[in-house]
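This report walks a new reader through one protein model, from its overall make-up to a few side-chain pairs. Please keep the structure in view while reading.

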Amino acid sequence: VYVSSTFTESPAKHYQSANLNCENIALYNLAKSQNLPVYSLGFQIDAQPINGFLITIKRFLISLARTVKQLLIPTDNIQVNPMVILANHYQLMNFQTVIKSIQENKLNFTAVGKANADQIRILTKQNIPYVNFTPTYVPNSTIKELRIILFFKYLLLWFVHSPSLKRYFSFPGDWELIKWKLFYFYATLIPQITENINFADSIFSQHPRVLLTTATNDTFSKCFALSAKKHSTKVIEILHGLIFLDEDAAFRCNDAYGIWGPAIIPLLGPEIAKQNSIIVGYPYKLEFKNHSQVRKLSKVTRQKLGIGNGEKVLLILGSFPIAVTRFFSTASVYSFINLVVKSVADTGDKWNIIIRPHPSNTPDWLEQLPTPSSIKIIVDNRQLPLSEMVATCDFAISNLTTAILEPMMQNKPHLLYLFENNKIMKTFSHPLISSGAIAPFNTSSQLTKILSSDPNIIASQQAPAVNKFLGGYCSMPAKISSS
């Protein structure tokens, strides 16, 4: 069995996730049960001293290069205002409504996050004071925090802890597969976390009054939230996505949780999450558009994409089995796309399928799929704004993501693919579905029937439920008419 370079537990993989990939572990164990060797990028995943030596040398050289940068790049003194906003460039652009309100009220704030040079120039033009995260930052006179020192410190701990870890992962085959990921945690991830906290401490040691953030549960943002709490800075977290199952609740680290509307409260996890919640309305940039605006936008975008007159458009907004949906589903991205292609082909019309995946996912293979001559697949890696793509479409498919709000703003018929899972009844109780604001489907025949219908009629039928959902879930006034 040969696995690609994206095989999550491969020794040569650059890891970005702290999650162990259970599917790959299952694949590995299945291969081993049939006495099949498993290879990845020239490495055999069986325990071999030479592989461990090469991986250690690679991590050492990476740490050494980082240390050289830490010593050579001068560290500027960071000055922050009483309010700190933790957000990258993309989040700040969506956060414009809040930023404008803060500026109008003459509140002094400093934005902190990750941005490139061009993005920083845009923020500067908008008078947004921005501190760019610097992974090479080292506190003054703290040699023990240099990356190379941290590397050897945690490498030693790895040798101390690995016997116990090996006993814990005792199922046949697991240790050979998992140990290199655990090694990565010690050699790279924990030193990175240390650097994140050092940088955060340089900010919150100045004792700003409040940290405003859109997340406190991932590794990067939690470092800042923990540092803020250590220095008695209040942490206000703003909900940044549709809640399906509130499984992040145990990992959040805030003093107050700003949710969009009252319909979200029953979805929150433990009681402390409900007690900390305050309703703040929908804080991100989103605009209602009337019919004439949508038609004008659609005409321009169709010309850009080369979509002919009379051709229909189906827009897929990252509707892949991701996050919690993926863990309880047997469906794959490939099977989902095949289902869509078959459903579209069965309508007998000429279609363009525009796929707009999540920014972290670039599935180039989608453009190489064999499709009938009546179907053209367009992979949109954000070449055009979301509002333009939505204006172009006749129907939109999404999962439980904030991207579905744009079709609602434009009164487009929107659909939800229900990836089969053992929590499907929980899905049906979600306000987005129970309100009737979105049409669920999970078979090809169901989708074909919907796509063969008049999109204007479906949008008109969904409009009252959309208004109800936006009011209860997002605290938005009803602005969508059924006419």
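A residue is called buried when its relative accessible area is under 20%, exposed when that area is over 50%, and partly exposed in between, with a 1.4 Å probe and protein chains only. By this rule, 50% of the 483 residues of the protein count as buried. The model is predicted, so that local features need a pLDDT of at least 70 and side-chain atom pairs count only at pLDDT 80 or more, while totals for chains, interfaces and linings use all residues. Residues are numbered from 1 along each chain as its sequence is written, and side-chain values use heavy atoms, with hydrogens and water left out.

The pLDDT, which is the predictor's confidence in each residue on a scale from 0 to 100, averages 80 for the protein, and 79% of the residues score at least 70. Over residues 41-48, however, the pLDDT is below 50, although this stretch has 23 contacts in the model beyond near neighbours in sequence, a contact meaning heavy atoms within 4.5 Å. Residues 321-327 also stay under 50, and for them the model has 15 contacts beyond four places in sequence. Where pLDDT is low, the predicted coordinates should not be read in detail.

The protein holds 18 helices and 16 strands, which are DSSP runs numbered from the N terminus (helices are H or I with at least four residues, strands are E with at least two). Among contacts between residues at least 6 apart in sequence, 68% join residues at least 24 apart. The accessible surface comes to about 23700 Å², and 57% of it belongs to carbon and sulfur atoms; such areas come from the Shrake-Rupley method with a 1.4 Å probe, and for residues only the protein chains shown count as cover.

On that surface, a nonpolar patch of about 850 Å² is made by Phe-53, Leu-54, Ile-57, Leu-61, Leu-64, Val-68, Leu-71, Leu-72 and Ile-73. Patches consist of residues with over 30% relative accessible area and no salt bridge, where like charges are joined within 9 Å and nonpolar side chains (Val, Leu, Ile, Met, Phe, Trp, Tyr) within 5 Å.

How many salt bridges does a search of the whole structure find? The search finds 10, each being a side-chain nitrogen of Lys or Arg within 4 Å of a carboxyl oxygen of Asp or Glu.

| Pair | N to O distance |
|---|---|
| Lys-229 and Asp-255 | 2.9 Å |
| Asp-349 and Lys-312 | 3.0 Å |
| Asp-346 and Lys-342 | 2.9 Å |

In the salt bridge between Lys-229 and Asp-255, Lys-229 lies in helix H8 (residues 219-230) and Asp-255 in the loop between strand E8 (234-238) and strand E9 (256-259), so the pair ties together parts that are 26 residues apart in sequence. Lys-229 is partly exposed at 34% relative accessibility, as is Asp-255 at 31%.

The salt bridge between Asp-349 and Lys-312 links distant parts of the chain, 37 residues apart, with Asp-349 in the loop between helix H12 (333-345) and strand E12 (351-356) and Lys-312 in strand E11 (residues 312-317). Asp-349 counts as partly exposed at 29%, and Lys-312 counts as partly exposed at 25%.

In the remaining pair of the table, Asp-346 has a relative accessible area of 45% and Lys-342 one of 47%. Elsewhere, Arg-66, Arg-147 and Glu-195 are linked in a network of salt bridges.
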